[in-house]
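I opened my notebook to look up a few things in this model.

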Amino acid sequence: CDQVESAVAWKLAIERKDAPSALIFSRQNLAQQERNDAQVADIAKGGYILKDCAGKPELILIATGSEVELAVNAAAELSAEGKQVRVVSMPSTDTFDKQDAAYRESVLPSDVTARIAIEAGIADFWYKYVGFDGRIIGMTSFGESAPAGELFKLFGFTTENVVSTAKELLA
C-alpha cells in the first residue's frame with residue numbers, strides 16, 4: 001500500500017529460501033500511511049491492523065495494496081459518523097494464514113461478521129476473510145482499458161461506494 005509495506009515485502013522476498021515471491025506494484029501514486037513500530041513489525045505477518053477504533057469494531061475493512069488508501073478514507077468518513085471501524089491491511093494472505101490462531105483472531109475477531117474486502121482484482125478469493133455475510137468490492141470480469149480514475153469509478157473503487165456498502169451491511 002506504500003513504500004513501507006514495499007520495503008518490508010522486498011526484505012522478506014530476499015530472505016525467503018523455500019519458495020518464490022512476487023511483488024506486485026501499483027502505477028498510481030499512493031499515500032504514505034502512518035504506523036507505529038509494532039505495526040511496522042506486523043507487516044511481516046501478512047496482515048495487520050492499520051487503523052483501529054476505540055473498543056470493539058462493528059465493521060472491519062480489509063484491503064490490499066492501492067486499495068488500502070481507499071479503505072482508510074472510507075473508515076475516516078464512517079468514523080466521523082460514529083461508526084466503530086477497523087482497517088486491516090493484508091499485503092500477503094499466505095503469510096497471514098500461517099500465523100497462529102490467536103494472532104489471526106486478534107486482527108479479524110470471529111465475532112465481528114460485518115466485513116468488507118476491497119481488492120482491485122479477483123473478488124471470489126476474499127470470501128475466506130469476509131464470510132458469507134460480508135461484502136467484497138472487487139473485480140468479477142477481466143477489466144477495461146481507460147485512465148485509472150475512470151476505471152475506479154466504473155468498478156466501484158470509490159470512497160462513496162465503500163461507505164454506501166458499509167452502511168447497507170450495517171443496516
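Is Y103 buried or exposed? I looked up its relative accessible area and found 12%, so Y103 is buried. I note that the model is predicted.

**Entry on the rings**

I went on to the partner of Y103. F96 and Y103 form an aromatic pair, and I listed the pair as edge-to-face. Their centres are 6.2 Å apart, and the angle between the planes is 65 degrees. Why edge-to-face? Planes over 60 degrees apart get that label. F96 has 2% relative accessibility, so F96 counts as buried.

Next I took W126 and Y129. Their ring centres lie 5.6 Å apart. Their planes stand at 50 degrees, so I wrote this pair down as tilted. Is W126 buried or exposed? W126 is buried, at 4% relative accessibility. Y129 is buried too, with a relative accessible area of 4%.

How many aromatic pairs did I find by this rule? The count is five. I then traced how ring pairs link up. They join F96, Y103, F125, W126 and Y129 into a cluster.

**Entry on the cysteines**

How many disulfides does a search of the whole structure find? The search finds zero. I wanted the reason, and I started at C1. The closest cysteine sulfur to that of C1 is in C53, 19 Å away, which is too far for a bond. A disulfide needs the two sulfur atoms within 2.5 Å. I repeated the search from C53. Its closest cysteine sulfur is in C1, again at 19 Å and too far for a bond.

I also looked up burial for both. C1 is buried, with a relative accessible area of 12%. C53 has 16% relative accessibility, so C53 counts as buried.

**Entry on helix 3**

I moved to helix 3, residues 67-80. Helix 3 has 14 residues. From its first C-alpha to its last, helix 3 reaches 20 Å, close to the 20 Å expected at 1.5 Å a residue.

Which residues of helix 3 are buried? I listed E67, V68, L70, A71, V72, A74, A75 and L78. I kept a general rule beside that list. An α-helix has 3.6 residues a turn, so residues three or four places apart point the same way.

What do the buried residues of helix 3 pack against? I found strand 1 (48-51), strand 2 (59-63), strand 3 (85-89) and strand 4 (115-122), together with helix 8 (159-170).

Last, I looked just after helix 3. There G82 takes a positive phi of about 95 degrees.

Key:
Residues are numbered from 1 along each chain as its sequence is written. This is a predicted model: local features need pLDDT of at least 70, side-chain atom pairs count only at pLDDT 80 or more; totals for chains, interfaces and linings use all residues. Side-chain values use heavy atoms; hydrogens and water are left out. Rings of Phe, Tyr and Trp (its six-membered ring) pair if their centres lie within 6.5 Å; planes under 30 degrees apart count as stacked, over 60 as edge-to-face and the rest as tilted. Buried means under 20% relative accessible area, exposed over 50%, partly exposed in between (1.4 Å probe, protein chains only). Helices (H or I, at least four residues) and strands (E, at least two) are DSSP runs, numbered from the N terminus. The expected span of a helix is 1.5 Å times one less than its number of residues. Contact means heavy atoms within 4.5 Å.
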